[in-house]
Amino acid sequence: MTTDVKKQQDAMPTTATTTSAPHSDLPTGHKPAAGRVGGGLFDPKQLVASLPDAFRKLDPRFMIKSPVMFVVLVGSVVTTVLAVTDPTDWFGWAITAWLWLTTVFANLAEAVAEGRGKAQADTLRKAKTDTVARRLAGGGEERVPGAELCVGDLVVCEAGDVIPGDGDVVEGVASVDESAITGESAPVIRESGGDRCAVTGGTKVLSDRIVVRITTKPGETFIDRMIGLVEGAARQKTPNEIALNILLASLTIVFLLAVVTLKPFAIYAGADDQTSLIVLTALLVCLIPTTIGALLSAIGIAGMDRLVQRNVLAMSGRAVEAAGDVSTLLLDKTGTITLGNRQAAEFVPVRGTTETELADAAQLSSLADETLEGRSVVVLAKEKYGLRERRQGELAHADWIQFTAQTRMSGVDAGGRKIRKGAAGAVLAWVRERGGEVAGDAQELTDRISGAGGTPLLVAAEDERGARVLGVIHLKDVVKEGMRERFDELRRMGIRTVMITGDNPLTARAIAREAGVDDFLAEATPEDKMALIKREQAGGRLVAMTGDGTNDAPALAQADVGVAMNTGTSAAKEAGNMVDLDSNPTKLIEIVEIGKQLLITRGALTTFSIANDVAKYFAIIPAMFAVAHPSLDKLNIMGLSSPESAILSAVIFNALIIVALVPLALKGVRYRPSSADSMLRRNLGLYGLGGLIAPFIGIKLIDLLLSLVPGIG
Amino acid sequence: MSPVLAGVLQLLALVAALGLSYRPLGDHMARVYSSDKHLRPEKWIYKVIGADPSVEMRWPAYLRGVLAFSAVSVLFLYLLQRAQGWLPGSLGFVSIDPDQAFNTAASFVANTNWQSYYGEQAMGHVVQSGGLAVQNFVSAAVGIAVAVALVRGFTRSRTGELGNFWADLVRGVVRILLPLSVVGALVLVACGAIQNFSGIHQVGQFTGGTRQWNGGAVASQEVIKELGTNGGGYFNANSAHPFENPNGLSNLFEIYLILVIPFALTRTFGRMTGSLKQGYAILGAMTTIWLGFTALMMWTEFHHGAPAFDIAGGAMEGKETRFGIGGSSLFAVATTLTSTGAVNSFHSSYTGFGGGITMLGMQLGEIAPGGVGSGLYGMLIMAIIAVFIAGLMVGRTPEYLGKKIGTREIKFAACYILVTPALVLCFTAASFVLDTPAHSMTNSGAHGFSEILYAFTSGANNNGSAFAGLNADTQWFNSTIGLAMLLGRFLPMVFVLALAGSLAGQQPVPETAGTLRTEKPLYTGLLVGTIMIITGLTYFPALALGPLAEGLAA
């Protein structure tokens, strides 16, 4: 009994803080049906706007980062030289032009992906205007430029001041406008001590005065890092991207060997004339995996960008990749699985009292209780029993007893009738003090409610019939709508969910069962959390979690994906590898989905790219060798009109498919949570078989168009 | 009975026989490489070579064992051939020239058995039985050892240890190859293969003149030649020679010997990894390719395309009438899809497509089912590549058998798949750039091109069969094919062992519903597709100029 009472009071500060978070109930986490990670936006205009950047990226020092595209660049240069030496050869010029276009298209993909981040970076830069800091020095105050602050400096910020750097509030409390970073205009409270002391440079104090201890050097602040991240300046290749690049490079070498050695073979076969350096270069470019080579970095940038669009900052691409691999999700109960506060769900009267009577008393006694739990009693009375909400002023001569953490009760004394509502222990004591009898079934009811994982509040009254308990209010955690379906989806994806809660095991089990999580950790301390993470990791599982408090920091650092809430302490933000600006823990699920979508996109386009090559051989091999070996003309199954047209069509298809796939690379492939089996079947059919068939159709169509041009067909 | 039906029945009998031995042999091999006990004769061997069989080796040590043992073997075999003129029991044959001795030494140590000599006219009993036959055993055992080391890489975690090379080598010979060879040799003798140390006989012929017939320990060498996927014939005619392969039954038995260990190793793999299903998936991929190639081969060889074919019942040129088209096609596919290279018919005389099928079989990397050991590790490398490409499509970074395929792993796998195409294409191209090598060709045009392409394909992939028609006993071919064989055998082993070490050091990732199911038919199909596309794309232009041009012209 006592633990339950304590729990209600303990819950108070938590509920209070959660609700004052800018928008913890933002719809993002509440739309399970629309919970699929949709694509980002893509506007064809972005292609045009990014063209200058695409040309700028032709710099070989930049191109070398992608071995596949570097080979194309070299090929373009070679064919250009050859075309210049034989300027009358229209074919050479045509191939040259399309090879250059291939290179530019590849750069375009990356430029478009980066362009979207740049717009965001520009907005952030505006927030980073030069600030003047009011530094406390030797008892006085001095004004120094924000860029000259050192770690450990104390600065004063008052209403209207822009906070000059990242730091912790050491004195005072203030409301702060963080819209520059989070895009959310509602102000948030920052105060010294506790988990809400972190302030970010570039945000604005709206009221009151705080003293901030600077914790980061200028130039390395959160906002600087954000700018770097969204611009992609700090982007490093992720492990899987590096591995894929190695595979692509080795395939490039294989094809380079196949094409280079083809020349002596062709000379022997008597096809010297048909295998000019231009033709061989065209063949090489068609064979090497240009599609994925061109889109690989755009896919990575777009993945980060999809997170940014959801107001999540990933500190490294590695974290996004790890998110796709996560097999255990640690979810905090409050705010993630359940709504931030307990709510009255039911009025249970003791024998001799009617439900309406109890509801009426509960409502009256809760009017002076401004906590969310108190409000929920009033709401339930209205919704379920049609009791109009009364205002405190309506009752004449009423004496309102406000809820306090000390009394743990609220109530009203009016017209010789006293009504109290509150924690079971406190109300029982109140009844006994007045010589009242506690009905036998009151105890039974409270036990039943506790046993079901709920929190019982007692309602008691003292009137002419003496002091007595009227009944029990059943307070319970309300599991967010659609959570069970999401957990089912996660299970199908092979992800285990573990609910973390400070509740006792009994309550925890009840909520875990209702929400449909796989496991729970009750009465969790930071040490328990850490041990759980280590245990999971020792089994080879990757763990994702959210956290905001300083005591979460070690666990956040240990987890493979640690998402710190922006409302959290700077220690937590430093320890995690992602920050959620909305401070919405439910987003962890979306982060996992985005990670998976990124990897799927990468794999799908790789498969597509390699499967494409088959058709290109059927276009180019007969074009090169049908003269030397007439029998090889039978390989021209597409019936392409002429050797020149065949080779050119393959090159043009190879270039155009890059542009055609840019939207897919940026938006990511459609992703629906399902088992690995069904996902593989679907993607293999779409991108494997599709990649095999599509170029046959594409090359034939281009050839048909080309054959209309006089002199080609 | 029509020849087609005979061919199909032989195939069915073969499948049944392989099916029967799959479980017992696979499980036996798994026990051999997992047991802690040493047999008495093994202990004697360890004492003689001074090896401690209980020491666990990390991959560099394991690799050093492989390379040191093979280097010593090459040197020994080279010196043995060079000294043949002075050795007793050499039937009066002289010492072998340096370039040919190098070629042959490299060839037998690399489990290739490419022969640029005529067995009955160059090698006496000592070299044949004391040198070549010994290598037939140990080079095969080295292959299985490396495959087992890779499998241990998957099964072990957070240790870099891959087992003990000397123990694996000795056990492979003593507990697997020797016992099977004894039984197999008896069967062959029963079929009519010879087994003696007789000298050279000049036998009169019906058509006049005489012909040289050698005696020799043929059956014992024949059995390990097939069982160890070696392929080096006692006689130049190889398994087409009646002393080596007397009749249809011995022919079928030899094909069985070629395929039995490579297929059964997938069971060993399944046993050792604790998931038989994973072994079946690999077996499925191997079988799909093998049956597909066999069907294609039979189709193209039985195909009645011209009057001469109609009369013979198919493309009988270069095939023995006692084996027929069915028995020859089965043999040709089995020998080129494994690293055997024994022949019972002349691949050069196959139809254009038929010759192409033998070449493509080798170019796949000889993984369906491949050489003893090398087939399994080659297939596992392709499995890793397939997982890497397709695994991403399930939304996780790639993993196979619970091990992550990261940068290190893919680096070794990528190097592995680069080696043989580089050797085949570069040496073939060089042969056409230089003037003299082309003089070795018998034919011109597409067929002549195939002769050289085949030679390097066979050498670099450690097959050892020849297309016939090419005079390979020149300094150029002896040395380049010798190099191709050594590099084609040992560079991949370096990458396989490095990969094994990296895998063994990893901690396994538990399987969840989100894991790519590599034991399902979908994945097997994907694996076959990956193999066909990756190698197909690599060799398509070269194949187009040789067998395809020839086949399409027919």
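Predicted model: local features only at pLDDT ≥ 70, side-chain atom pairs only at ≥ 80, totals over all residues.
Let's start where the chains meet. On one side, 64 residues of chain A are in contact with 60 residues of chain B. Together the two chains bury about 5100 Å² between them, and carbon and sulfur atoms give 77% of that area.

Now turn to the sheets of chain A. One of them is an open sheet of 7 strands, and its order reads 10-22-21-20-11-18-19, with mixed pairing. Strand 10 (312-314) and strand 19 (519-521) of chain A are at the edges with a single partner strand each, so one side of each has no neighbour in the sheet. On average, neighbouring strands here are turned by 20° against each other, direction ignored. At one end of the order, strand 18 (residues 496-500) of chain A pairs with strand 19 of chain A in the parallel sense, over 3 bridges. To place that pairing on the sequence, take A:Val498, whose bridge partner in strand 19 of chain A is A:Asp519. Helix 20 (residues 505-515) of chain A packs on the sheet, where it touches strand 18 and strand 19 of chain A, and its direction makes about 150° with that of strand 19 of chain A. Helix 13 (residues 317-325) of chain A lies across strand 10, strand 21 (561-565) and strand 22 (578-580) of chain A, and runs at about 110° to strand 21 of chain A.

Chain A also has an open sheet of 3 strands, in the order 6-5-8 and with antiparallel pairing. Its edges are strand 6 (188-191) and strand 8 (204-207) of chain A; each has a single partner strand, so one side of each is left without a neighbour in the sheet. The twist from one strand to the next averages 50°. Strand 5 (residues 173-177) of chain A is joined to strand 8 of chain A by 3 bridges, and A:Asp177 has A:Lys204 of strand 8 of chain A as its bridge partner.

Next comes a helix pair in chain A. Helix 5 (residues 67-85) and helix 9 (residues 239-260) of chain A have axes that come within 8 Å and cross at roughly 35°. Helix 5 of chain A contributes A:Pro67, A:Val68 and A:Val71 to the contact, while helix 9 of chain A brings A:Asn245, A:Leu248, A:Ala249 and A:Thr252. By class, that gives 5 nonpolar, 2 polar and no charged residues.

Helix 6 (residues 125-155) and helix 8 (residues 218-227) of chain B pack at an angle of about 25°, with their axes 9 Å apart. These two helices of chain B are therefore roughly parallel to each other, and their crossing is left-handed. Among the contacting residues are B:Leu132 and B:Phe137 of helix 6 of chain B and B:Ile224 of helix 8 of chain B. This contact has 4 nonpolar, 4 polar and 1 charged residues.

Finally, look at the hairpin in chain B. Strand 1 (residues 200-204) and strand 2 (residues 210-214) of chain B pair in the antiparallel sense over 5 bridges, one of the bridge pairs being B:Gln202 with B:Gln212. There are 5 residues between the two strands, and B:Gly208 in the turn has a positive phi of about 95°.

Technical notes. Residues numbered from 1 in each chain as written. Chains lettered and ligands numbered in written order. Heavy atoms only, no water. Axes fitted to C-alpha atoms, helices over the stretch in contact; angles between N-to-C directions. Helix = DSSP H or I, 4+ residues; strand = E, 2+ residues; numbered from the N terminus. Parallel < 35°, antiparallel > 145°, perpendicular 65-115°, else oblique. Left-handed = near helix turned anticlockwise from the far one by under 90°. Contact = heavy atoms within 4.5 Å. Nonpolar A, V, L, I, M, F, W, Y, C, P; charged D, E, K, R; others polar. Pairing = 2+ DSSP bridges. Buried area = accessible area lost by both parts, 1.4 Å probe.
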